[in-house]
Amino acid sequence: MADKAGSPPRAWQRMLSGRRLDLLDPSPLDVEITDIAHGLARVARWNGQTVGDHAFSVAQHCLVVEDIAGLLEPELTACQRLVVLLHDAPEYVIGDMISPFKAVMGGDYKTVERRLADAIHRRFGLEKHDTERLKKLAKKADLISAYFEAVELAGFTTEEAKRIFGLPRGIGRQTPTGPVLGLDPLPTVAAEEAFLTRFQQLESQR
């Protein structure tokens with residue numbers, strides 16, 4: 001919908017930091033980690049269809065994925081870990097669309113997501129670390145996290161999760177029914193603080 005009759009649709013969003021982020025042409029100068037942490041902590045994974053008193057946020061998911069990536073490749077540098085931590089950072093603006101809906105949306109969604117990711121990486125000086133190898137590692141860790149989230153929080157059977165995401169090996173605590181992580185959704189403020197704290201820890205190690 002246009003802002004006024006005859007004017008083009010608004011393509012920017014006002015952030016709590018005061019920044020005005022253009023979704024179609026995002027500038028690194030308008031990216032703030034506090035906005036990212038705040039937004040991701042309020043975006044629910046699985047469209048909120050998870051057990052517990054709190055939604056399982058994208059912020060908490062990012063923390064789990066970064067931890068798993070570190071288990072898969074313990075030699076990761078702080079910069080590489082930051083790239084993994086921020087792998088879903090564009091969702092602080094565009095939200096977390098479930099995979100089936102992304103498939104329906106097609107290329108336009110991916111274009112906006114990629115532009116936002118590029119702006120975020122440039123903002124924090126991570127563009128040269130966003131390699132294809134690291135993308136594959138982040139994707140692998142993301143699928144492992146998705147398996148555990150699906151089984152422990154989102155009501156999937158073990159067989160369903162295995163078929164869709166694959167069975168994680170060497171990750172989690174082994175039980176008679178399969179591996180578990182013991183995921184416990186954090187309250188919004190706690191998830192925001194944990195994400196921001198981890199970002200600051202990794203930044204200090206660069």
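**Note on salt bridges in the predicted model**

1. Lys 135 and Glu 132 are both part of helix H7 (residues 132-152), where they stand three residues apart, about one turn of the helix. This note concerns a predicted model. The side chains of Lys 135 and Glu 132 form a salt bridge, at 3.3 Å from N to O. Lys 135 has a relative accessible area of 31% and is therefore partly exposed.

2. Helix H6 (residues 107-123) holds Glu 113 and Lys 110, which are three residues apart and so separated by about one helical turn. Their side chains meet in a salt bridge, with an N to O distance of 3.3 Å. As to accessibility, Glu 113 is buried, because its relative accessible area of 14% falls under 20%. Lys 110, in contrast, is partly exposed, with a relative accessible area of 46%.

3. In helix H8 (residues 158-165), Lys 162 and Glu 159 are likewise three residues apart, about one turn of the helix. A salt bridge joins Lys 162 to Glu 159, and their closest N and O atoms are 3.4 Å apart. Lys 162 counts as partly exposed, its relative accessibility being 31%.

4. A network of salt bridges is also present: it links Arg 19, Glu 32 and Arg 123. Side chains of opposite charge can pair when their charged atoms come close.

5. For the structure as a whole, the search finds 13 salt bridges. Those described above include the pairs Glu 113 with Lys 110, Lys 135 with Glu 132, and Lys 162 with Glu 159.

Methods. Residues numbered from 1 in each chain as written. Predicted model: local features only at pLDDT ≥ 70, side-chain atom pairs only at ≥ 80, totals over all residues. Heavy atoms only, no water. Salt bridge = Lys/Arg side-chain N within 4 Å of Asp/Glu carboxyl O. Helix = DSSP H or I, 4+ residues; strand = E, 2+ residues; numbered from the N terminus. Buried < 20%, exposed > 50% of the residue type's maximum accessible area, 1.4 Å probe, protein only.
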